[in-house]
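I opened this notebook to keep track of what I looked up in one structure.

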Amino acid sequence: MVDPEQIRQLVEMMTEHELSEITLKTGDEEIVLKRGGAAQEVSGERVVPMWMPPQMGYGLPAAGAAPPMPGPQPSAGAPPEQAPAAEEEEFTPIRSPMVGTFYAASDPNAPPYVSVGATVTASTVVCIVEAMKVFNEIKAEVSGTIAKVLVKNEEPVEFGQTLFLVRPD
């Protein structure tokens with residue numbers, strides 16, 4: 001199984017060094033991370049860039065159509081209420097390391113891993129992000145108190161989307 005932290009580090013390296021593709025091979029597993037524009041057809045399989053905004057769609061552009069403009073786009077799943085800049089400075093965000101589906105608990109009948117007011121440490125599991133039928137536990141990576149939960153259970157999340165705000169110790 002792939003470690004979400006390892007994927008996050010690879011994506012940061014890609015951004016820092018302006019790389020468009022990284023391939024990671026570990027034993028029988030191979031992961032290919034690609035940055036860039038629209039979906040591409042590769043030997044009969046469609047390849048979708050890792051952080052393609054939902055507004056761009058996942059289909060190929062029509063013949064002769066101009067490709068969508070690259071660059072940051074607001075997420076369709078982003079909460080309408082944005083925290084003021086001064087408020088954000090006092091909190092540490094916990095961000096999604098991947099695109100997937102957010103789950104607040106290990107199963108539908110279980111209580112959420114954390115809620116507002118919960119104390120967390122760097123190793124505390126705060127949620128699960130499911131991507132391609134793989135359930136990845138997301139750890140807080142910071143010590144403090146959960147101040148806000150910004151995502152609803154079973155809601156789709158984007159790479160880098162803030163899931164929680166933590167008031168550090």
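Predicted model: local features only at pLDDT ≥ 70, side-chain atom pairs only at ≥ 80, totals over all residues.

The entries below go from the sheet to the cores, the aromatic pairs, the salt bridge and a few loop residues.

**Entry 1**

**Entry 2**

I looked up the strand order first. Four strands make an open sheet in the order E9-E8-E6-E11, and the pairing is antiparallel. Which strands stand at the edges? They are E9 (134–139) and E11 (156–157); each has a single partner strand, so one side of each has no neighbour in the sheet.

I then went through two of the pairings. E8 and E9 run antiparallel and are joined by six bridges. Within this pairing I picked out Val129, whose bridge partner in E9 is Asn136. The two strands E8 and E9 form a hairpin with two residues between them. In that turn, Met132 has a positive phi of about 55°.

At E11 I found two bridges to strand E6 (residues 100–103), again in the antiparallel sense. Thr101 is the residue opposite Pro156 of E11.

**Entry 3: nonpolar cores**

I asked how many residues the largest nonpolar core has. The count is 19, and the residues with the most contacts inside this core are Ile94, Phe102, Val126, Cys127 and Phe164. Strand E8 (125–131) and E12 each supply at least two of the core residues. E8 gives the largest share, with four residues.

I listed the contacts of Cys127, leaving aside neighbours within four places in sequence. Cys127 touches Phe102, Tyr103, Tyr113, Asn136, Glu137, Ile138, Leu163 and Phe164. Another core, of seven residues, lies apart from the largest one; Ile7, Ile22, Ile31 and Leu33 are among its members.

**Entry 4: aromatic pairs**

I found two aromatic pairs in the structure. One of them is Phe102 with Phe164, a tilted pair with 6.0 Å centre to centre and 55° between the planes. Phe102 is in strand E6 and Phe164 in strand E12, so this pair ties together parts 62 residues apart in sequence.

**Entry 5: salt bridge**

I searched for salt bridges and the structure holds one. Its partners are the side chains of Arg167 and Glu90, at 3.3 Å from N to O. What parts of the chain does this pair tie together? Arg167 lies in strand E12 (residues 162–168), while Glu90 lies in the loop between helix H2 (85–89) and strand E5 (92–95), so the joined parts are 77 residues apart in sequence. Arg167 is partly exposed at 41% relative accessibility, and Glu90 is partly exposed at 43%.

**Entry 6: Asn153**

I looked up Asn153, which sits in the loop between E10 and E11. Asn153 counts as partly exposed because its relative accessibility is 43%. Setting aside neighbours within four places in sequence, I list its contacts as Phe102, Tyr103, Ala104 and Ala105. With Ala104, the side chain of Asn153 reaches the backbone nitrogen at 2.8 Å. I also checked Asn153 against Ile128: they are 25 residues apart in sequence, and their C-alpha atoms are 9.9 Å apart in space.

**Entry 7: positive phi in loops**

I kept a general point in mind: most residues other than glycine have a negative phi. Glu141 is not a glycine, yet its phi is positive, about 60°. Glu141 lies in the loop between E9 and strand E10 (144–149), and at 42% relative accessibility it counts as partly exposed.

Where is Glu154? Glu154 is in the loop between E10 and E11. Its phi is near 65°, again a positive value in a residue other than glycine.

Technical notes. Residues numbered from 1 in each chain as written. Heavy atoms only, no water. Salt bridge = Lys/Arg side-chain N within 4 Å of Asp/Glu carboxyl O. Buried < 20%, exposed > 50% of the residue type's maximum accessible area, 1.4 Å probe, protein only. Core = buried A, V, L, I, M, F, W, Y, C linked by side-chain atoms within 4.5 Å. Contact = heavy atoms within 4.5 Å. Pairing = 2+ DSSP bridges. Polar contact = N/O pair within 3.5 Å; in protein donor to acceptor, adjacent residues only side chain to side chain. Phe/Tyr/Trp six-rings, centres within 6.5 Å; stacked < 30°, edge-to-face > 60°.
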